[in-house]
Amino acid sequence: MRREIPLAITFLIGIFMLVDFFVPHHAVSTSAEEMKQWGTIVIAASILLGVGNLIRVHFHKIRRRREGWGYSIVTLAIMAVMFAFGGPWGTVEEGSAFNWMFLNMQVPLQSTMFSLLAFFIASAAYRAFRLRSAEASLLLIAAIIVMLGRVPLGQYLTRSWPQAIQLPTLTEAIMAYPNMAAFRGILMGAALGVMAMGLRIILGIERSYLGGEK
Amino acid sequence: MAKKRFDIRSVDRRIIFTLIFVAVAWPLIQPMRLPIDVSPPVQTLYDAIEEIPPGSIVMLGGDYSPDTMPELQPMVETFIRHAFENDLRVVVACLWPASPPLVERALTPLAEEYGKEYGTDFVNLGYMAGGIVTLLGMGASIPNTFPTDYGFGAADIPSRPVGEIPLMQEVENFDDIAFVMEVSAGTPGTREWIQQIQGRYRVNIGSGTTAVGAPNFYPYVSSGQLTGLLGGLKGAAEYETLVGFPGDATKGMDAQSIVHALVVVFILLGNVVYLISLRRNRGAEE
Amino acid sequence: MNWLHQLFNGPPGTDPSVVWGYWVAAVLTICIYSFLYKDNPLYKFAEALFVGIGAAYWMCLLYHETLVPKLIQPLFFPAEGDSVMWIRIFPGILAIFMLLRFYPKLSWLSRWSLGFIVGMYSAVNITGFGQGDFVTQIHATMTTALRGVGTGEIILNLIAIVGVFSVLIYFFFSKEHKGALGGVAKLGIWFLMVAFGASFGYTVMGRVSLLIGRMTFLLRDWLHLID
């Protein structure tokens, strides 16, 4: 029964949501609306689960003195400070200490972490981007046209050329036609895959989300 | 001992990093002010918002995080400015937890500049967990999906039930929304808005996305599911140009130009070196 | 001197907490950028802060923005004039079941909550992808050729239709790509290469934009070297 009841829940909820899409009757839509609110509550709990797991992992790391356990203390300590300011007794609003920490610590940390990629992509472009085949040449040519066409420099360099072959025009043509066509094909293929997988899950054919244990 | 020859194939990557650093910093200190051309998807978005009657309610979907702020924050600021310029009322709803304070950062100076009042001219509904389930809930009832708002710190207005907010008396679902501007950095974002809301409720959706995601959305622009697309910092700069208030995106385009040119040089140089060494190796084998 | 004063006190009228904030942000930015030289304890410290603050931020926001207005208030503190929403007990129970995943003896109950979410998401994705990414895109493809303004645009639209079909053929792996099928699949690869090249160009643009954003902060907001 430990697997049958969840499979039944999946089936019933899945069918009900499909019915809601096709049947505009008031009774169906009212119930579905309430069901969607339930969904947000359960998803919130699943995110809390993830945060709780993070705490557990770092706790174990400290207890077993694994490599880098000192940094785990930093992680848990700052979590405790944030939670002290923004927990059930606190506030998350603008002007609060919680908000100050988010804007002046999380924002710069996250922004800077991802901005490192600019350096690595430039380094990778020099070291790894090679003309090894005809297809790679096509990729390279498209990349160079788009990189120069999407910045004002491209417009400036080709400003005296005929409009049809100026870099920004070529870039837009690449984006609106071959790029659009390729991504449309990918979208349609992926949509088929998602629909098939969704049906398999609702019908109980695909059960991997339940885990391996009985 | 023979002197080690400089091998361009194995340049220390820290030299490349330094060149990139200089290529970004220098144009910010000494701007070139290159003119910015406007692409059709941005023009389409701008024109669509211009056609909305004054007094209408528009929605801003803030679905981004601090790491994408440089690209998306200018879009949010420019959209809010555009809306306030045209006397449109703005409802903000976020599916990403980091978005509410970032959108508030954009709202605060613009509300003061245009004399707009929180609760009457604009409202920030804050964040709600759930992704596409939240979107579907909004399709049925926005007040039920966002029972309280985020508040507005600049005016010391705390979070309260949406039933107490004058603007929200006029908003039940997407029938009351003239246009949705979805600013998105990933999932849930533009794709989910199109899949769950645009087709079902026939509301016009325009999108601002990161440059990484923009190529994926051209099929939606072509099919008409998206009414306009701002792609990356350039898209934001084009939108600023159309609205007439150059901001951070416009200022960043010079640096963008120089770095792109530098990366193209790196790619070409790397391939020239590669082709020369291929030829040498073939010669050595023969 | 004026610049030094501005560096430590901000422009006239600036709140001290704002100046403190800029300095904290700048120091953390430099800690992260130190990784470009090599991995070091400063970077690891900043990384640990990043993980901790992000997790705690999300946890607190979920509590205040989702659980309080949707579960705790309707059940325990309904607004004046409203009755208790007893029906919210059910999602409350499912939420508790989800958190029971931490206890091995009771973790099987979390499958009920997982089943609920997975069922819901599967269904909405079937309809969402079906309508948004499949039917509408097929419609757009088949009507594309009719939408040209001039000869050039009509030709480009036809090329796009050929592109969509050839990419779909490429992804059809049930038959070996030989002969005519192989030729069309090869054309599909060419369209994909152009699309991936364009994506690479946009990706470079996206990553560089993030760096421009940080540089703008360091040079303008912190060091006051630019406007």
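Analyst: Start with Phe200(C). In this predicted model, Phe200(C) has 22 other C-beta atoms within 10 Å. The cut-off for a buried residue is 20 or more. Phe200(C) is therefore buried.

Now place Phe200(C) in its chain. The residue sits in helix α7 of chain C, which runs over residues 179-222. For a sense of distance from Phe200(C), take Pro16(C). The two are 184 residues apart in sequence, and their C-alpha atoms are 43 Å apart in space.

Next, follow α7(C) to its partner in chain A. Two packed helices are described by the angle between their axes and the distance between the axes. Here the partner is helix α4 of chain A, residues 97-128. The angle is about 130 degrees, and the axes are 8 Å apart. That angle makes α4(A) oblique to α7(C). Their crossing is left-handed.

Which residues meet there? From α4(A) come Ser111(A), Thr112(A), Phe114(A), Ser115(A), Leu117(A), Ala118(A) and Ile121(A). From α7(C) come Thr203(C), Val204(C), Arg207(C), Val208(C), Leu210(C), Leu211(C), Gly213(C) and Arg214(C). By class, this contact holds eight nonpolar, five polar and two charged residues.

Step back to the two whole chains. In chain C, 96 residues are in contact with 99 residues of chain A. Several helices of chain C supply at least two residues each to the side that touches chain A, α7 among them. The others are α2 (16-33), α3 (41-76), α4 (89-99), α5 (110-144) and α6 (151-170). The largest share, 24 residues, comes from α3(C). By class, this side of chain C has 68 nonpolar, 21 polar and seven charged residues.

Finish on chain A, with Tyr71(A). This residue is found in helix α3 of chain A, residues 69-86. Tyr71(A) is buried, because 21 other C-beta atoms lie within 10 Å. Set aside its neighbours within four places in sequence, and Tyr71(A) is in contact with Lys44(C), Phe45(C) and Ala48(C). Within its own chain, Tyr71(A) is 93 residues from Ala164(A) in sequence. In space, the C-alpha atoms of Tyr71(A) and Ala164(A) are 57 Å apart.

Methods. Residues numbered from 1 in each chain as written. Chains lettered and ligands numbered in written order. Predicted model: local features only at pLDDT ≥ 70, side-chain atom pairs only at ≥ 80, totals over all residues. Helix = DSSP H or I, 4+ residues; strand = E, 2+ residues; numbered from the N terminus. Buried ≥ 20, exposed ≤ 12 C-beta atoms within 10 Å, placed from the backbone. Axes fitted to C-alpha atoms, helices over the stretch in contact; angles between N-to-C directions. Parallel < 35°, antiparallel > 145°, perpendicular 65-115°, else oblique. Left-handed = near helix turned anticlockwise from the far one by under 90°. Contact = placed C-beta atoms within 7 Å. Nonpolar A, V, L, I, M, F, W, Y, C, P; charged D, E, K, R; others polar.
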